[in-house]
Number of protein chains: 2
Amino acid sequence: MKHSRLICTACGKEYSQEYFRCTCGEPLEIVIENQKLIKLQFRRSEMLESFSHLLPELKDNNFLSMGEGLTPLTRLENTTLDGLELFVKNESINPTWSFKDRGSYLATLDAINQGYRQIGTVSTGNMGASVAAYGKRANLRTTILISDSIPEEKIAPIAIYGPRVLKVTGDYGDLYHKSIEIGAKAGIYMANSDVPMRVEGSKTIAFEIFLQLGEKVPDFIVVPTSSGGNLRGIEKGFRELKKFGFSNTLPRIVVAQAMGCCPIHLAFSQGAETVSRFIDPCTVAHAIENPFPPSGNAVLKILRETDGITVAVDEASILKAQRDLAEKGLFAQPASAVPFAALNKLQKEVNMKRAVVVAVLTGSGLKYPTILEKHPSKIEITDLISLGETLERNPNCIQ
Amino acid sequence: MKHSRLICTACGKEYSQEYFRCTCGEPLEIVIENQKLIKLQFRRSEMLESFSHLLPELKDNNFLSMGEGLTPLTRLENTTLDGLELFVKNESINPTWSFKDRGSYLATLDAINQGYRQIGTVSTGNMGASVAAYGKRANLRTTILISDSIPEEKIAPIAIYGPRVLKVTGDYGDLYHKSIEIGAKAGIYMANSDVPMRVEGSKTIAFEIFLQLGEKVPDFIVVPTSSGGNLRGIEKGFRELKKFGFSNTLPRIVVAQAMGCCPIHLAFSQGAETVSRFIDPCTVAHAIENPFPPSGNAVLKILRETDGITVAVDEASILKAQRDLAEKGLFAQPASAVPFAALNKLQKEVNMKRAVVVAVLTGSGLKYPTILEKHPSKIEITDLISLGETLERNPNCIQ
């Protein structure tokens, strides 16, 4: 093995691979011997470059990009969902650690290209941070509108980027529509949750999944759904891949919601034409807690036209899915655990044997640290003298 | 422009590009017309695949990778550091949102390849979370040793991954060496901060920077430095690029530390042969608050041999750099703001005109949310009726 040679950084003494440190106290270093001079193969493509022919014509002349998108598709094995090929599209690996950056990037470019000098959005979470980051980076006057019921812990991670933060009292539901109307008059590009450029941003998620699966469309795509903008974008991406001849199928779309706020699931289950406002929403999955989604009706239409599915899951199963995911290395915010809880429920109802399933992990678990209070840490205590003994004891025997 | 056609998702009415929503109330969607069927050019390479000839021979047979590395190199413009070409290597875009994932991935593979069934580390932060994630993902028995002075808010983001968490009372400094010794006896692969595989992980940061700059070595590389493992890896990467003929220069290395814990800076400034323990460390840059770095002497040697530089910065300048960075779109943990504070100081002392400078952003600002208390949010309040008027007012005139 190439790394069988380890040498001490200080005294030069040589060791075999199982050593960690020199007896002289200084660290060891691996010696790489390489005769063949091959070319280094690193490649990181950019969103606009990769998909230019399938995106609106936007120019990034001022280094606005921070490397949004191009996120990993991570395999999950040995879960409670065995029998299907399960992948996670990990959108937490984005510049502000959520999928929102794809749309914020395109929307900010669109605003600049159209000559806007101001940008804004209505948000209580991921989107507020994302628009604040891109707007300030672009040197646009940036305004984030928030509802007056938001706790300080959610405002600070938005405010750190330095936008104008405006708390608006009154009905939060009206704020979405009102802000677009007022923004148009005031010259503010309101990059709200489901504006056209956000949908374009989200569709690159579908393009990437298709390519990461080896030019293959998954059988199922599971999306935690709030406003509906992200789901619309992902569906549009797969639709365009088919339209332009890259693929000849569409995935089956699964809208995953929390029972504590599931307006789209309710409307679809009841065969309603339109989505109604969900009364008294309450869930740990704050990032998808939109009681009256602005793209709800558009999502219903997609579900009807593509034989889609909706699933709503309870709070305990969301928290359990969050823990299960973390034990596979992925710490997701509660909203992003909802698809996994949904899959556990769905596999009892729909035949998913040998299906290729992609669940979208929309944002990082670090976004809402208070949720960790629901996952009490089990901590053992020992001292340096008893450490060896403690390590050899089976922790499962300890109270 | 391709996206000049916008249609309503419900009624199909067509709009020009400046509209956000249909008068019928439903969302608009961009119509992409594309005759040319070009190939989609997305590419995301993996660490082992990209750099296989310059890394130890490790096999990933069980999908351990979660897409670590391959992080963006982001341009920073219009900063207080004008006159130099400044880039940020953004390591917060990693599976557990810090550079530690590169080394944890390789160390976990090494542990599996060597037949270990247990892995562990000594950590209070980024590394604990990273080893917990990879160890649990690999289905190894995973133990994180922490000091007994750590507050619960730092333990929970490690514990969520489900490792065994062991609080060790006694001298934390001794724990590093003692844990490797005990680990060897107990069959635990201790993936501590500067073990050989961590250094190998960090060296891929250098390879990527080199390629992202168009096969060019930067003039300066600025690294927030704690144990010294990451710095050693980055230096080793550039050294190997030269050794194997890819480049013919080395960057000038800048070790950035906080004045509140700067053992390497002190030793180097005083021309000492070895690093001494820093007494009573105290800084907001917790991630680099190691008073007695295990690779301190190795770093001193590197600094001497390569005409390196050390800089220590005060607390106020760290917090200011954190805000400045956020206003450019990058929310870094305080330790990761240290290089920017260091550059502000350094450019007065060293000629950096037209230099290509890369600063390493080691971890996400979301890692330590309590730091946000040091950046009070300025929040304005309005209501739906006055919103238009408020938006048109200059926020700078408001108290």
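Two residues are in contact if their C-beta atoms, placed from the backbone, lie within 7 Å. By this rule, 117 residues of chain A are in contact with 117 residues of chain B. The structure is a predicted model, in which local features need pLDDT of at least 70, side-chain atom pairs count only at pLDDT 80 or more, and totals for chains, interfaces and linings use all residues. Residues are numbered from 1 along each chain as its sequence is written, while chains are lettered from A and ligands numbered from 1 in the order in which they are written.

On the side of chain A that touches chain B, helix α5 (residues 172-186) of chain A gives the largest share, seven residues. Helices (H or I, at least four residues) and strands (E, at least two) are DSSP runs, numbered from the N terminus. This side of chain A divides into 58 nonpolar, 27 polar and 32 charged residues. Here Ala, Val, Leu, Ile, Met, Phe, Trp, Tyr, Cys and Pro count as nonpolar, Asp, Glu, Lys and Arg as charged, and the others, Gly among them, as polar.

Strand β14 (residues 379-383) of chain A runs parallel to strand β8 (residues 164-169) of chain B, and five bridges join them; two strands pair if DSSP finds at least two bridges between them. Glu380(A) has Leu166(B) as its bridge partner in β8(B).

Within chain A, six strands form an open sheet of mixed pairing, in the order β4-β5-β13-β10-β11-β12. β4 (73-76) and β12 (309-313) of chain A stand at the edges, each with a single partner strand, so one side of each is left without a neighbour in the sheet. Inside this chain, strands β10 (residues 220-224) and β11 (residues 252-258) of chain A pair in the parallel sense over five bridges, with Val222(A) opposite Val254(A) in β11(A).
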